[in-house]
Amino acid sequence: MSLSITLASGSASRRALLAGAGIDAASVKPNVDEDSAKAAMRAEGMSVRDQAMQLAELKAVKVSNRTEGLVIGGDQMLSLDREAFDKPADLEGARDHLRKLSGKSHTLETAIVICENGTPVWRHLARPKLTMRPLSEAFINDYVDRVGEPLLSTVGAYQLEGLGAQLFTQIEGDYFSILGLPLLPLLDYLRIRGALAT
C-alpha cells in the first residue's frame, strides 16, 4: 500500500502544482497562527530563511500529528536586504511592495518540510533570486489595477505566471520554487519513499 500524501496548506497554487505533477494529495489547513509565530521569530532576530523553514515545519508537524502518511508543509518569504516581506494586506500594500522592490534584486526563501507521525523526515530550501526592473509609478498603478486582488496571495505582489513576467529583468532559480513549491526535489524524495512510481 502506498503512502498517503497530504499538503498542510490551503494554498491554491501549491495544490495546483502538485495536481499538475500527478500527485493526488489531500489538503488540510494547518490552522497555525503565522502572525504570532513570525512576530516571535523576528523578535529573536531569526534570519528570513530560518523563519520560512520554521513555519514550514510548524505547519507540517501540526497536520502530521493528526494525519497518517507523509505531510508536506511549505512556506515562502521574500527577503530584500534581509528584511522579510509578508503578503500585502490590501492593494495599496501591493503598490508599496512594488515600489520597494523596483530596480532591486530580492530572494524568495522557499521552504518545504515533510513530516511523518509528527516528526520531520525531510526538508529543502530553495532560494530563487529575482531582479525587478525599475518601475514607474504609472506602471505600478496600472499593473495593480489590472491584476487586482490575486496580488494579495503572493509575498511579492506579483504573479509570474501572468502579467508579473513584465516586472523582471533577470530570474535565477526554478519556476516551481518561485510559485511556492520546490517541486523537483520534492518529487525525488517522494519517489525515494515509494510514494511515487520510479
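These notebook entries record what I looked up in the structure above.

**Entry 1. Basis**

I worked on a predicted model, in which local features need pLDDT of at least 70, side-chain atom pairs count only at pLDDT 80 or more, and totals for chains, interfaces and linings use all residues. Residues are numbered from 1 along each chain as its sequence is written, and side-chain values use heavy atoms, with hydrogens and water left out.

**Entry 2. Helix H3**

I took helices (H or I, at least four residues) and strands (E, at least two) as DSSP runs numbered from the N terminus.

Leucine 55 lies in helix H3 and counts as buried, at 0% relative accessibility. I counted contacts as heavy atoms within 4.5 Å. Not counting residues up to four places away in sequence, leucine 55 touches Glu34, Ala37, Lys38, Met41, Asp75 and Met77. I also looked up the pair leucine 55 and tryptophan 122: 67 residues apart in sequence, they are 14 Å apart in space, C-alpha to C-alpha.

Aspartate 75 lies in strand S3 and, at 5% relative accessibility, counts as buried. Which side chain does the side chain of aspartate 75 meet in a polar contact? The partner is lysine 59, at 2.9 Å. A polar contact is a pair of N or O atoms within 3.5 Å; within protein, one must be able to donate a hydrogen and the other to accept it, and residues adjacent in sequence count only if both atoms are side-chain atoms. Leaving aside neighbours within four places in sequence, the contacts of aspartate 75 include Arg14, Glu34, Ala52, Leu55 and Glu109.

**Entry 3. Helix H4**

In helix H4 (residues 91-101) I found Gly93, Ala94, Arg95, His97, Leu98 and Leu101 buried. Their cover includes S3, S4, S5, strand S7 (129-132) and helix H5 (137-147). At the start of H4, a side-chain oxygen of aspartate 90 reaches to within 3.3 Å of the backbone nitrogen of glutamate 92. Just after H4, glycine 103 takes a positive phi of about 75°.

**Entry 4. Pockets**

I took a pocket as an open set of points on a 1 Å grid over the protein atoms alone, where a 1.4 Å probe fits, with protein on both sides within 12 Å along at least five of seven lines; lining residues have an atom within 4 Å of a point. The largest pocket has a volume of about 830 Å³. Its lining has 34 residues, with Ser11, Arg14, Lys87, Ser153 and Thr154 nearest the centre. S3 gives the most to this lining, with four residues.

The second largest pocket has a volume of about 180 Å³. Of its 14 lining residues, Val48, Ser79, Arg82, Glu109 and Arg127 are closest to the centre. Here S5 gives the most, with four residues.

Methods
Buried means under 20% relative accessible area, exposed over 50%, partly exposed in between (1.4 Å probe, protein chains only). Grid points are joined across faces, edges and corners, and a volume is the space filled by probe spheres set on the points.
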